[in-house]
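User: I'm new to this one and would like to know where the labels come from. Could you take me through them?

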Protein chains: 2
Amino acid sequence: MSEGNSGESKPRAGRTADGRRQLRGALAVAALDLFAAKGYESTTVEDIVAAVGVGRRTFFRHFRSKEEVVFPDHDERLAGVVRELEQAGESEPPMAVVCRTAETVLDMYLADPEVSLKRFELTRQVPSLRDREIVSIDRYQRVFARYLRQRFSEPPDAELRAAVTAATVVATHNHVLRRWLKSGGGFDARAALREALHEVTAEDTRVSSPESAADTGEVVVGVVRTSTSVHAVREQVERVLREIGENDSD
Amino acid sequence: MSEGNSGESKPRAGRTADGRRQLRGALAVAALDLFAAKGYESTTVEDIVAAVGVGRRTFFRHFRSKEEVVFPDHDERLAGVVRELEQAGESEPPMAVVCRTAETVLDMYLADPEVSLKRFELTRQVPSLRDREIVSIDRYQRVFARYLRQRFSEPPDAELRAAVTAATVVATHNHVLRRWLKSGGGFDARAALREALHEVTAEDTRVSSPESAADTGEVVVGVVRTSTSVHAVREQVERVLREIGENDSD
DNA sequence: GATGCTAGCGGCACTGAGTGCCATCAGCAA
DNA sequence: TTGCTGATGGCACTCAGTGCCGCTAGCATC
């Protein structure tokens, strides 16, 4: 395995843009193979470029760091998420947009289970890669929060609600993804995410005042402490229903 | 400022355990000063140890990395959080424990505003430090989630609920902390966090069925779609109130 | 007060990631 | 053929982090 890598003989790397992508892919594959064989820490960039047959300097022209070779398309994916959020119309409820986008992110993992599982195994064993993953997840969360902040721009709590909602959606996504990865990709994660998001976001799509709830046609959630008496609860609920009735055509 | 650091002349570093802590502190202070003056990237470990007057090797005996000198007590703090969670009794509602612990974490920042603000400025400007901060925040979230998973161990969704709840609490904490830091430490963050947690966790402590809600004495949240008619809403609410009334002493 | 033990310290050498610089060469157009 | 451009290769360099060894301050023991 010292010279002449698997399969094609590569007399010289092509200088075309397509050759560049191929080389990038070859580097990523070789890196993952070596990481799996020798371990991440014990594999030097020198080893990787030797396996592909290119110079060390070239590696860092394709990847900003040794860690990035494990997540070669994270930037691209994040950009895709930003695009999807930007292209969403004003008519669609913000929550629906974010949930849909979260499903898109999940799909990215589901699209190539083999690679996803390999990466998962690596990130579980290598602390620095785990940290890297955490950071990139946080990027998604920030993007979600930023989007929701724009869309929520009504009450003074918009920022808090956006942050919490983004955290909720991302945590739910991660939970489902993690279960899927741990199971070795053996169940319908897409459906599971959809269900979980439905369950979880039902709490968060609440609006503070019943009036705006009736206006937006969203979901209204009445919150009461059970320590208060049933009479008091009934009185509160009656008042809310009266207020809703004033704005409702029915 | 090339030799003889501020204040005490240090003829030779003491070998005692107390001297060790003093040296650690001196290194941290010198590092933060240099980072503020020259920038993080432009400051080498060599510079830091030169300012204190110790060897380069000594720095890495006190801090695992150059980044860690910015967050010298994160491990300690996390351990404190774990301890606080472990010491919480079974009688206290899990949510209350987590919220209380989140307030403890906030207090750690509020305890030394000067240092917190200095760190904030650094983490805002230096990407690698920002990443580090994100990772350490995630550690808190994981600890919270683990605790809640144990306490929630009833329904099949315990894991999801624990993850989402932890994410919610942490996001709320971060939101308040961030506002406090951005304001330069100019308002009562403790009260703000308490209020925000109250507002935010009210949604998450919901229980699925009204019966169990009445039993636990927690909070019950009724969810209705405003697209349904007011009559239907009223009917639903009346039924819930009846069910609660059967278990309520009032 | 001399002796030995231990814990930190200093320094040296080394690995390896990441960068700047420059020469080189493939590909393409004129 | 000539010139331009973009990707590469290689070299040298900085700097974080580690292993190793010798040293010494502090402390206990005799």
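User: Why does Phe59(B) count as buried?

Analyst: Phe59(B) has 0% relative accessibility, so it counts as buried; the word means under 20% relative accessible area, with exposed over 50% and partly exposed in between (1.4 Å probe, protein chains only). Phe63(B), at 1%, is therefore buried as well. A note on the source: this is a predicted model, where local features need pLDDT of at least 70 and side-chain atom pairs count only at pLDDT 80 or more, while totals for chains, interfaces and linings use all residues. Side-chain values use heavy atoms, leaving out hydrogens and water, residues are numbered from 1 along each chain as its sequence is written, and chains are lettered from A and ligands numbered from 1 in the order in which they are written.

User: What makes the pair of Phe59(B) and Phe63(B) tilted?

Analyst: Their ring centres are 5.4 Å apart and their planes are at 45 degrees, so the pair is tilted. Rings of Phe, Tyr and Trp (its six-membered ring) pair if their centres lie within 6.5 Å; planes under 30 degrees apart are stacked, over 60 edge-to-face, and the rest tilted.

User: And what kind of pair do Phe35(B) and Tyr40(B) form?

Analyst: An edge-to-face one, with 65 degrees between the planes and 4.7 Å centre to centre. Both Phe35(B) and Tyr40(B) are buried, too.

User: How do you know that the charged end of Lys66(B) sits over the ring of Tyr40(B)?

Analyst: That charged end is 4.3 Å from the ring centre. The label asks for NZ of Lys or CZ of Arg within 6 Å of the ring centre and within 35 degrees of the ring normal. In chain A, Lys66(A) lies over the face of Tyr40(A), at 4.3 Å from the ring centre.
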